[in-house]
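Welcome! Please take a moment to look at the sequence and the model, and then read on.

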Amino acid sequence: MPSPAPLRPALAIEDSYFELLADTLESLDLPARGQFLQRYFRAIAHLDLRETQSVQIWDDMLSRRRELTDLVGRPVSLNTALMDVLSSSGLLRVPFSSNMTS
């Protein structure tokens with residue numbers, strides 16, 4: 001008797017939406033994908049990027065996800081890979097307030 005297929009852990013709702021976004025973007029032509037991603041990065045990270053930069057960051061994120069998944073031996077979320085790409089590229093910075101008290 002064959003053993004049952006291993007169950008994949010359920011994705012967090014945010015990860016599910018991110019996976020749906022990735023699948024949808026794959027079906028768009030490059031100009032539409034670039035326009036969407038440019039606005040997306042502006043909305044989520046306040047980044048003003050050209051459309052080509054936005055597509056490159058997205059593609060880098062997909063590559064980084066594959067690398068991290070291979071490295072840790074389990075699926076890595078798209079959100080984790082995106083944060084890694086943005087922070088390692090210097091585009092995502094930790095907010096700093098000059099009004100902090102010591």
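## How α3 passes α4

Helix α3 passes α4 in a right-handed crossing. A crossing is called right-handed if the near helix is turned clockwise from the far one by less than a right angle, and left-handed if it is turned anticlockwise. The axes of these two helices come within 8 Å and cross at roughly 115°. Axes here are lines fitted to C-alpha atoms, for helices over the stretch in contact, and the angles run from 0 to 180 degrees between N-to-C directions.

Which residues make this meeting of α3 and α4? On the α3 side there are Ile57, Asp60, Met61, Leu62, Arg64, Arg65 and Leu68, and on the α4 side Leu78, Ala81, Leu82, Asp84, Val85, Leu86 and Ser88. Contact means heavy atoms within 4.5 Å. Sorted by class, the residues of this contact are 9 nonpolar, 1 polar and 4 charged. Ala, Val, Leu, Ile, Met, Phe, Trp, Tyr, Cys and Pro count as nonpolar, Asp, Glu, Lys and Arg as charged, and the others, Gly among them, as polar.

## About the model and the chain

This is a predicted model, in which local features need pLDDT of at least 70 and side-chain atom pairs count only at pLDDT 80 or more, while totals for chains, interfaces and linings use all residues. Residues are numbered from 1 along each chain as its sequence is written, and side-chain values use heavy atoms, with hydrogens and water left out.

The chain holds 4 helices and 0 strands, and from the N terminus on its elements run α-α-α-α. Helices (H or I, at least four residues) and strands (E, at least two) are DSSP runs, numbered from the N terminus. Of the 102 residues in the chain, 26% are buried. Buried means under 20% relative accessible area, exposed over 50%, and partly exposed in between (1.4 Å probe, protein chains only). Among contacts between residues at least 6 apart in sequence, 37% join residues at least 24 apart.

## Two perpendicular pairs

Two packed helices are described by the angle between their axes and the distance between the axes. Take α2 (residues 30-45) and α3: their axes come within 8 Å and cross at roughly 85°, so α2 and α3 are roughly perpendicular to each other. Angles from 65 to 115 degrees count as roughly perpendicular, under 35 as roughly parallel, over 145 as roughly antiparallel and the rest as oblique. Residues of α2 in this contact include Leu30, Pro31 and Phe41, while Val55, Ile57 and Trp58 are among those from α3. The contact of α2 with α3 has 7 nonpolar, 4 polar and 2 charged residues.

Now look at α1 and α4, whose axes come within 9 Å and cross at roughly 75°. These two helices are therefore roughly perpendicular as well. Asp15, Phe18, Glu19 and Ala22 in α1 meet Leu78, Asn79 and Leu82 in α4. This contact is made of 4 nonpolar, 1 polar and 2 charged residues.

Glu19 lies in helix α1 and is buried, at 19% relative accessible area. Its side chain is joined to that of Arg65 by a polar contact of 2.6 Å. A polar contact is a pair of N or O atoms within 3.5 Å; within protein, one must be able to donate a hydrogen and the other to accept it, and residues adjacent in sequence count only if both atoms are side-chain atoms. Asn79 sits in helix α4 and is partly exposed, with a relative accessible area of 38%. Asn79 and Glu19 are 60 residues apart in sequence, and their C-alpha atoms are 9.4 Å apart in space.

Leu21 also belongs to helix α1 (residues 13-26), and is buried at 15% relative accessible area. Not counting residues up to four places away in sequence, Leu21 touches Phe36, Tyr40 and Trp58.

A polar contact of 2.8 Å links the side chains of Ser77 and Thr80. Leaving out residues up to four places away in sequence, Ser77 touches Asp15 and Arg65.

His46 is placed in the loop between α2 and α3 and is exposed, with a relative accessible area of 69%. Most residues other than glycine have a negative phi. His46 is not a glycine, yet has a positive phi of about 55°.
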